[in-house]
Amino acid sequence: MSTPTHSHSGLQSDDWFMEHPRLSEFVATSRELIGGSGGNVPALLRALEAPFRDLLADQTWLAPQFGIGCETGGMGGGIGQWLLFRSADHTLTLFSLVVPPGSSTPVHDHHAWGLVGLYRGEQAEDVYRRETTTPDPAGRAPLTLVEQRTVRPGDMYRLLPPSDDVHAVRTTSAVPSVSIHLLGIDAGCVWRHRFEPDHAMAHPFRSGYSNEPCADAEAKPPELIACA
Ligand SMILES: [Fe+2]
């Protein structure tokens, strides 16, 4: 069962953008683990892996409209970033990222812990190490490419800033890649960075979501135009 309706009843409520027992069970499990983690993020990420693996293995729950690209998506390249769940306090989000064949995300950071897993398709991921914790006032932020890897359905990786949260992904399959992201932040609406590794530069970046404008985006800059 899946329904595409967006349900929330106020600023203090959780936002659900689709409904499915598998999704609600995973979010409940995640919250239990977060509550019991005592702030130990590496242990939390380890504990989340088993339920996340089960979520990735089930091909029935993702509503079809969250498995397609978005021409006006803030990531560029026709990439869709579809918010599935956001907690009332915006400290937990689950979303799908749909990258068309041949398209790449910018090199970007996340500013929060996360667990990312591939649901469909195949990706090449470039992983970078920051050489400075934050960009200097001129925006200089040198990065070093430390790993290039292939990501296949069921594969997952952790985001753990400040050391392990800068990367770019490109779809290498003939079909769009669909990855599922559990983040400890409102990832589409916070300001983070996109990088130009060749020029050692970082730029302010906000990806937005393809199905929900950010609350403070009254001017609706181009990166926040929704697809749905
Ligand atoms: Fe990412």
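Predicted model: local features only at pLDDT ≥ 70, side-chain atom pairs only at ≥ 80, totals over all residues.
**Exercise 1. Work out how α1 and α2 are arranged, and which residues meet.**

Solution. Two packed helices are described by the angle between their axes and the distance between the axes. Step one: the axes of α1 (residues 21-35) and α2 come within 10 Å and cross at roughly 170°. Step two: α1 and α2 are therefore roughly antiparallel, a label for angles over 145 degrees, while under 35 is roughly parallel, 65 to 115 roughly perpendicular and the rest oblique. Step three: list the contacts, meaning C-beta atoms, placed from the backbone, within 7 Å. From α1 come R22, F26, T29, S30, L33 and I34, and they meet L44, A47, L48, P51 and L55 of α2. These residues divide into eight nonpolar, two polar and one charged. (Nonpolar covers Ala, Val, Leu, Ile, Met, Phe, Trp, Tyr, Cys and Pro; charged covers Asp, Glu, Lys and Arg; the others, Gly among them, are polar.)

**Exercise 2. Trace the order of the six strands in the open sheet.**

Solution. Strands count as paired if DSSP finds at least two bridges between them. Walk across the open sheet and you get β1-β2-β3-β10-β5-β8, with antiparallel pairing. At the edges are β1 (15-16) and β8, each pairing on one side only. Now zoom in on β3 and β10: seven bridges join this antiparallel pair. Here F95 stands opposite H181 in β10.

**Exercise 3. Find the residues with the most contacts inside the largest nonpolar core.**

Solution. A nonpolar core is a set of buried Ala, Val, Leu, Ile, Met, Phe, Trp, Tyr and Cys residues joined through C-beta atoms within 7 Å. Buried means 20 or more other C-beta atoms within 10 Å of a residue's own, exposed means 12 or fewer, and partly exposed is in between, with C-beta atoms placed from the backbone. The largest core has 40 residues, and L84, F85 and F95 have the most contacts inside it. The elements giving two or more residues are α1, α2, β2 (80-86), β3 (93-99), β5 (114-120) and β10 (177-183). Leaving out residues up to four places away in sequence, F85 touches D15, W16, F17, L23, V27, T93 and L94.

**Exercise 4. Decide whether V175 is buried or exposed, and find what it touches.**

Solution. V175 sits in the loop between β9 (166-171) and β10. V175 is exposed, because 12 other C-beta atoms lie within 10 Å. Beyond its neighbours within four places in sequence, V175 is in contact with P101, R120 and G121. The C-alpha atoms of V175 and G121 are separated by 6.0 Å, though the two are 54 residues apart along the chain.

Definitions and conventions:
Residues numbered from 1 in each chain as written. Axes fitted to C-alpha atoms, helices over the stretch in contact; angles between N-to-C directions. Helix = DSSP H or I, 4+ residues; strand = E, 2+ residues; numbered from the N terminus. Contact = placed C-beta atoms within 7 Å.
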